[in-house]
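Visitor: Hi, could you walk me through this one? I'd like to hear about some rings and then the ligand.
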Amino acid sequence: MRRAVYPGSFDPVTFGHLDIIRRSAGLVDELIIGVLVNHAKTPLFSAEERVNMLKDVTKNLPNVRVESFSGLSVDFLEMCNARFIVRGLRAITDFEYELQMAQTNRIMSPGIDTIFLTTSLEYAYLSSTTVKEVALYGGDISRFVPGIVADKIAERVSHIKKAEKTDNIS
Ligand code: ADP
């Protein structure tokens, strides 16, 4: 069984992530999307919300499973009995960090290999951070994320804006 894990924050999932998911799912028997629970960062969406959005947008891909995890990716891979880490490369700026991570992971777990997929050109500019910024300033994000994700972001942004208004009044 050729099994891979695609780890990331996915806060939230974008068309760029989905492109990598579709393409890497075609390379392996099973792809597990590992949603990282990072206690050092405050995400826009909880791990459970991120997992549910990913489940929703990958429901047409039968060999894709979504789980959350905390700690080291290599430990999660060993737990899942997976041998490959999937990562996407957008630009040269991603490369330095990704190379360092891949080499570190290989030192920690020599049996695990990282597979890099270069982003499709139409998504090369896209990151979850940009999507959140555009949404916070009222921009249209429908070209960046699936409809159900855009709706969730709109809901969260309006909640944040309401809370800010209440704070300013009091
Ligand atoms: P970010 O917050 O940078 O969007 P994540 O931590 O969720 O990213 O990313 C998980 C993986 O997905 C990383 O390998 C990242 O390089 C990759 N990735 C993110 N956006 C894209 C994209 N638009 N095209 C290809 N790969 C991407």
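Visitor: Let's start with Phe15: what is its relative accessible area, and is it buried, exposed or partly exposed?
Guide: Keep in mind that this is a predicted model. Phe15 has a relative accessible area of 23%. Buried would need under 20% and exposed over 50%, so Phe15 is partly exposed.
Visitor: Okay, and how many aromatic pairs does the structure hold?
Guide: There are four aromatic pairs. One of them joins Phe15 and Tyr123, a tilted pair with 6.3 Å centre to centre and 35 degrees between the planes. Phe15 sits in helix 1 and Tyr123 in the loop between strand 5 and helix 5, 108 residues apart.
Visitor: Why is the pair of Tyr125 and Phe144 edge-to-face?
Guide: The ring planes of Tyr125 and Phe144 are at 65 degrees, and over 60 counts as edge-to-face, so that is the label the pair gets. Their centres are 6.0 Å apart.
Visitor: Is Phe144 buried or exposed?
Guide: Phe144 is buried, at 13% relative accessibility, while Tyr125 is partly exposed at 46%.
Visitor: Switching to the ligand, which residues come nearest?
Guide: Of the 18 residues around the ligand, the nearest are Tyr6, Phe10, Gly88, Tyr123 and Leu126.
Visitor: What lies 2.7 Å from a ligand oxygen atom?
Guide: That's a polar side-chain atom of Tyr6. Gly88 has a backbone N or O atom 2.6 Å from an oxygen atom of the ligand. Tyr123 turns up again here, with a backbone N or O atom 2.9 Å from a ligand nitrogen atom.
Visitor: And how much of the ligand does the protein cover?
Guide: The protein covers 89% of the 540 Å² of accessible area that the ligand has on its own. The ligand takes up the space of the largest pocket.

Definitions and conventions. Residues numbered from 1 in each chain as written. Predicted model: local features only at pLDDT ≥ 70, side-chain atom pairs only at ≥ 80, totals over all residues. Heavy atoms only, no water. Phe/Tyr/Trp six-rings, centres within 6.5 Å; stacked < 30°, edge-to-face > 60°. Helix = DSSP H or I, 4+ residues; strand = E, 2+ residues; numbered from the N terminus. Buried < 20%, exposed > 50% of the residue type's maximum accessible area, 1.4 Å probe, protein only. Near = heavy atom within 4 Å. Polar contact = N/O pair within 3.5 Å; in protein donor to acceptor, adjacent residues only side chain to side chain. Areas by Shrake-Rupley, 256 points an atom, 1.4 Å probe, with all protein chains shown as cover. 1 Å grid on protein atoms, 1.4 Å probe; cavity = no way out; pocket = protein on both sides within 12 Å on 5 of 7 lines; lining within 4 Å. Sits in = over half its atoms within 2 Å of the grid points.
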